[in-house]
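The following questions and answers set terms against their definitions. Please keep the sequence and the structure in view while reading.

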Amino acid sequence: MESLEAERERAQALDVAELADAIEAIGFECTRCGACCKAVEGCEGDAEAGAESEPEAGGKTGGSDGHDHTATVFPDEVRQLQETGDYDWRDVARPMPYGLVEGEDGPQGETFEWALQTDDCGDCRFYAEDDDGVGACTVHDDRPLVCRTYPFSVALGGTSQPMGEAVDEEGMVRAHECEGLGRDISREEAEELARALKERAVRELAEAIAVRDGYRPVERDAGEVVVFDSEGPKRPDGSPVE
């Protein structure tokens with residue numbers, strides 16, 4: 001496997017036009033089904049839950065805890081979302097559950113990413129549906145890169161792969177589970193997606209390098225969670241661990 005630095009150089013050298021060609025070849029149009037924003041299991045008693053539930057698209061980070069929506073968000077993206085309303089850090093983000101264990105008083109341990117906060121149903125807290133069941137992102141203009149680029153990723157080590165294995169691919173571009181795949185997309189939209197996809201790949205690798213280089217063990221109390229991101233170790237409320 002290439003070093004993270006080598007993969008970052010590959011990401012920086014990605015050709016936006018070639019990525020757009022691949023996206024056009026695969027095809028995509030968002031149907032606003034909301035599957036990428038919702039948990040695999042609905043709330044108890046939800047008529048929509050059960051047999052009609054879509055596969056977990058939470059796992060935009062490359063895996064799933066089987067229930068909640070888990071979309072990776074960078075620290076600066078958390079702050080940007082905080083500015084869209086009267087939000088504190090916990091309103092926007094939560095520690096990524098992977099790597100944590102369930103203790104007597106809840107999750108505990110260390111993790112290396114932030115995930116968008118979820119509601120009581122496990123759906124992204126910024127997802128809403130109208131009376132007709134049509135979904136929408138309530139912070140669409142400020143949504144994180146992983147949301148801007150879904151359902152695509154690039155075939156580079158050290159970058160996230162939403163919803164597990166790709167269901168289609170073209171060149172460096174991988175496409176993941178989504179009912180909007182295979183639909184016509186304009187060149188303008190394909191290029192916009194391609195630019196965001198390249199930016200996300202570069203950012204993910206830069207974040208991984210910074211986390212690796214800045215990691216230092218910290219003392220944790222029993223039942224405590226520490227998140228290591230590119231800015232250093234933090235508590236679940238986003239405050240730094242001194």
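Q: What makes β2 and β5 paired strands, and in which direction do they run?
A: Strands are DSSP runs of E with at least two residues, numbered from the N terminus. Two strands pair if DSSP finds at least two bridges between them. In this predicted model, where local features need pLDDT of at least 70, side-chain atom pairs count only at pLDDT 80 or more, and totals for chains, interfaces and linings use all residues, 3 bridges join β2 to β5 (residues 114-116). The two strands are therefore a pair by that rule, and they run antiparallel. Residues are numbered from 1 along each chain as its sequence is written, and side-chain values use heavy atoms, with hydrogens and water left out.

Q: Which residue of β5 is the bridge partner of P95?
A: The partner of P95 is W114.

Q: What makes a space a cavity, and how many of 30 Å³ or more does the structure hold?
A: On a 1 Å grid over the protein atoms alone, a cavity is a set of points where a 1.4 Å probe fits but cannot get out, and lining residues have an atom within 4 Å of a point. The structure holds 2 cavities of 30 Å³ or more.

Q: Which residues line the largest cavity?
A: The lining consists of T72, V73, F74, E77, L145, V146, R200 and E204. β1, α5 and α6 each supply at least two of its residues; helices are DSSP runs of H or I with at least four residues. The space in this cavity is about 40 Å³, a volume being the space filled by probe spheres set on the points.

Q: Which element gives the most to the lining of the second largest cavity?
A: That element is α6, with 3 residues. The lining includes A210, V211 and G214, and the cavity has a volume of about 30 Å³.

Q: What makes a space a pocket, and what is the volume of the largest one?
A: A pocket is an open set with protein on both sides within 12 Å along at least five of seven lines. Of its 35 lining residues, the closest to its centre are C30, H140, R143, C147 and R148.
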